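Please open the model in a viewer and follow the stops below in order. Each stop names a selection and then describes what is found there.

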Amino acid sequence: MGASDLLRVTFAVARKDLQVEWRTKTAFVSALVFAVLVLAVLYFARDKTSVGDFDMAPGALWVTFTFAGMLGLNRAFLLERENRALDGLRLTAASPSAIFLGKILGNLVFLGVVELVSLPLFILFYDVPIWRQLPLLIGVVALATIGFVSVGTLLSAMVVRTRFSEVMLPVLLLPFLVPPIVSAVQLTWRILALRPLSELTGWLSLLAAFDIIFFTISLLLFEAILVE
Amino acid sequence: MTRRDRALVTARRGSVLTVIALLGLVGVYVRALAFTPVERTQGLAQKIFYVHAPVAWAALLAFGICGLLSLLYLVLRDRKLDLLAAASAEVGVAFGLVMLITGPLWGKPVWGTWWTWDARLTSTLFTFLLFVGYLVLRGALTDFEVRARFSAVLGVMALVLVPFIHVTVYWFRTLHPDPVVLKPEAPSLPNVMLVTLLTSMAVCTLLYVGFLMQRYGLEVLRDVHEEEAAGGIS
């Protein structure tokens with residue numbers, strides 16, 4: 001299978017997933033409402049006289065994205081479990097890599113839209129005037145989301161085969177989120193505090209290294225999960 | 001000799017090793033309490049170090065071996081490797097639990113706090129939870145082949161993740177004492193204490209091997225039993 005075929009199948013799988021989602025919008029709306037709720041509830045989860053909005057904001061943002069992301073991730077392979085759709089997908093002779101890349105792409109779009117909608121709400125709720133720093137923050141969100149989704153897609157493909165997939169995914173996934181989420185929180189507060197770029201490079205390279213390594217090994221290992 | 005007999009022999013040898021290691025552990029206690037001087041600043045509380053550090057070593061050894069066996073399983077697809085990896089993870093979780101209990105017992109009198117978000121504490125806690133997750137995943141899958149493949153994938157991912165977690169939390173580091181044995185310069189522990197520590201580490205390694213052999217034997221027996229129940233030939 002050539003590179004163009006791989007891309008074609010990847011887009012086809014992602015399009016299929018997003019189309020299914022677009023027709024009902026159930027998962028999207030739930031994830032979004034959930035994100036807004038978490039942002040709002042976390043706002044009150046402190047003593048406002050000692051912890052300011054600003055100190056609270058980076059953690060709140062990433063807890064929200066983590067939780068909302070986990071809601072979305074399970075969906076990609078739960079879809080395939082119904083009516084044994086995964087067997088059908090396997091029968092199309094699409095390569096496992098293309099299926100995996102398609103799933104990752106679908107999840108990235110799904111989560112990316114949830115993040116893009118909740119980010120302005122976050123800025124309003126926590127009153128962090130960072131419109132000028134926004135491109136940098138979006139870059140960090142994108143990097144962390146890629147790492148998160150790579151590992152999350154792989155693990156969700158495994159846990160849908162178990163009986164308690166909704167509980168199992170967070171248990172397996174959260175340890176893997178320690179490097180990307182901690183880096184993202186560290187980067188976010190530095191960006192919000194308008195620190196110089198030189199203070200960001202360490203965490204940024206950790207985040208990038210995590211993305212590259214885990215994206216690659218997830219891609220390599222996915223075949224072991226899909227093949228019967 | 002059938003598979004069942006071989007498994008029984010392995011388990012029996014494992015229990016002999018375990019008994020030897022447990023006697024060795026008694027020896028370590030006696031040596032640590034009666035024949036090793038009391039540390040000047042930490043007092044008697046430091047004695048727990050002779051259990052805590054070796055147990056932590058055994059736990060990390062067990063997790064490392066589980067990860068390597070997982071990688072080998074994905075390449076060679078040998079059932080034995082999967083069963084051995086599972087046994088190693090389980091023994092590692094047991095050692096990890098002892099590590100997480102003895103650590104705070106030492107930390108409270110010496111640091112004045114049960115727990116601190118120091119780099120080494122945090123990364124071992126996450127590693128421990130990761131392998132608890134590994135066992136939970138195994139428990140939730142019934143088909144042998146699927147279970148072996150999935151848990152091997154998780155084992156390999158865990159092997160890659162642990163250094164990442166360590167680097168991440170290292171940038172928050174706080175109180176944990178620096179290494180006293182495995183470090184670039186010569187060990188900074190007085191010889192008497194060093195001998196006690198190294199003896200204890202050897203004993204814990206032996207205990208790990210003993211436990212591992214017993215657990216592995218048991219895993220094989222369970223596998224044989226499942227195969228028989230499914231109507232297969234053992």
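**Chain A as a whole**

Begin by selecting chain A, which holds 8 helices and 0 strands. The model is a predicted one. Read from the N terminus, the elements of chain A follow the order α-α-α-α-α-α-α-α.

With the C-alpha trace of chain A displayed, its span along the principal axes is about 60 × 35 × 30 Å. Of the 228 residues in chain A, 43% are buried. Among contacts in chain A with a separation of 6 or more, 85% join residues 24 or more positions apart.

**Helix 6 and helix 8**

Next, select residues 134-159 of chain A, which form helix 6, together with residues 201-226, which form helix 8. How far apart are the axes of helix 6 and helix 8 of chain A, and at what angle do they pack? The axes lie 9 Å apart, and the angle is about 20°. Angles under 35 degrees count as roughly parallel, and helix 6 and helix 8 of chain A are therefore roughly parallel to each other. Their crossing is left-handed.

To view the contact itself, show the side chains. Helix 6 of chain A contributes residues including Leu143(A), Gly147(A), Val151(A) and Leu154(A).

**Two loop residues**

Now select Lys25(A), in the loop between helix 1 (3-24) and helix 2 (26-43) of chain A. Its phi is near 65°, a positive value in a residue other than glycine. Most residues other than glycine have a negative phi. Is Lys25(A) buried or exposed? Lys25(A) is exposed, as 10 other C-beta atoms lie within 10 Å.

Move on to Leu194(A), located in the loop between helix 7 and helix 8 of chain A. Leu194(A) also has a positive phi, near 55°. Leu194(A) is exposed, with 9 other C-beta atoms within 10 Å.

**Where chain A meets chain B**

Finally, display both chains: 21 residues of chain A are in contact with 22 residues of chain B. On the side of chain A that touches chain B, the elements giving two or more residues are helix 7 (165-192) and helix 8 (201-226) of chain A. Helix 7 of chain A gives the most, with 9 residues. Coloured by residue class, this side of chain A shows 17 nonpolar, 2 polar and 2 charged residues.

Methods:
Residues are numbered from 1 along each chain as its sequence is written. Chains are lettered from A and ligands numbered from 1 in the order in which they are written. This is a predicted model: local features need pLDDT of at least 70, side-chain atom pairs count only at pLDDT 80 or more; totals for chains, interfaces and linings use all residues. Two residues are in contact if their C-beta atoms, placed from the backbone, lie within 7 Å. Helices (H or I, at least four residues) and strands (E, at least two) are DSSP runs, numbered from the N terminus. Ala, Val, Leu, Ile, Met, Phe, Trp, Tyr, Cys and Pro count as nonpolar, Asp, Glu, Lys and Arg as charged, and the others, Gly among them, as polar. Axes are lines fitted to C-alpha atoms, for helices over the stretch in contact, and angles run from 0 to 180 degrees between N-to-C directions. Angles under 35 degrees count as roughly parallel, over 145 as roughly antiparallel, 65 to 115 as roughly perpendicular and the rest as oblique. A crossing is left-handed if the near helix is turned anticlockwise from the far one by less than a right angle, and right-handed if clockwise. A residue is buried if 20 or more other C-beta atoms lie within 10 Å of its own, exposed if 12 or fewer, and partly exposed in between; C-beta atoms are placed from the backbone.
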